[in-house]
Amino acid sequence: MKDETLSYYLKKSKQIQSVNSQFSEKIAILGNFTMNGLKEVLKVLSYDEGLNVEIYDSPYAQFKQEIINQNSDWYIFRPDLTFLILDFEALIGDARFEYYSWDEEKRKQLIDKTCEDFEGFLVNALNSQNGKIIVSNFIFPTFSPFGIYDCKIKHTLRDFVNSLNHIIKKMTDE
């Protein structure tokens, strides 16, 4: 990959028409945070490799609505491949600020509920008949107010991320 700036890819992607290629794919990008520029980078890199790629970039943080609503633009687009890229902190929202002030039981309940909802959501996505879906793992939070003592506490944010990543792993093993 070239060491180009984002502005290079944004500018070049506007100049691309189409590629004469036997390989043609429809790719969708869904997420819960800003991924500005990813579509343009993929478009330029695909073009440079001689690949004809059409890319759908979901509106900001609309990944759930896109997959749940069978009349969404994602369903209508019918991608061959979808990248589902999720950020843990965006997924749990403001709960991350209060999380460690809660008792163990309340933290466990949030983990259980979020994991149950996430697993149901992934099952729905995988059963959508809308091509293959690549789901990114969640990245561990880099901060804990407990520091190294965090490993002695039950139901930490690290445990939360492990639980969500385990769901992703379990579904890929099936």
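This is a predicted model: local features need pLDDT of at least 70, side-chain atom pairs count only at pLDDT 80 or more; totals for chains, interfaces and linings use all residues.
Colleague: How are the rings of Trp74 and Tyr75 arranged?

Modeller: Good one to work through! Planes over 60 degrees apart count as edge-to-face. The ring centres of Trp74 and Tyr75 are 5.1 Å apart and the planes meet at 80°, so the arrangement is edge-to-face.

Colleague: Is Trp74 buried or exposed?

Modeller: The cut-off for buried is under 20% relative accessible area. Trp74 has 0% relative accessibility, so this residue counts as buried.

Colleague: Which element gives the largest share of the largest nonpolar core?

Modeller: That core has 31 residues, and Trp74, Leu84 and Phe88 are among those with the most contacts inside it. Elements giving two or more residues to the core include β1 (24-31), α7 (104-126) and α8 (157-173). The largest share is seven residues, and it comes from α8.

Colleague: How are the rings of Tyr99 and Trp102 arranged?

Modeller: Both residues belong to one aromatic cluster, which also includes Phe88 and Phe118. Planes under 30 degrees apart count as stacked, over 60 as edge-to-face and the rest as tilted. For Tyr99 and Trp102 the centres are 5.8 Å apart and the planes are at 55°, so the pair is tilted.

Definitions and conventions. Residues are numbered from 1 along each chain as its sequence is written. Side-chain values use heavy atoms; hydrogens and water are left out. A nonpolar core is a set of buried Ala, Val, Leu, Ile, Met, Phe, Trp, Tyr and Cys residues joined through side-chain atoms within 4.5 Å. Buried means under 20% relative accessible area, exposed over 50%, partly exposed in between (1.4 Å probe, protein chains only). Helices (H or I, at least four residues) and strands (E, at least two) are DSSP runs, numbered from the N terminus. Rings of Phe, Tyr and Trp (its six-membered ring) pair if their centres lie within 6.5 Å; planes under 30 degrees apart count as stacked, over 60 as edge-to-face and the rest as tilted.
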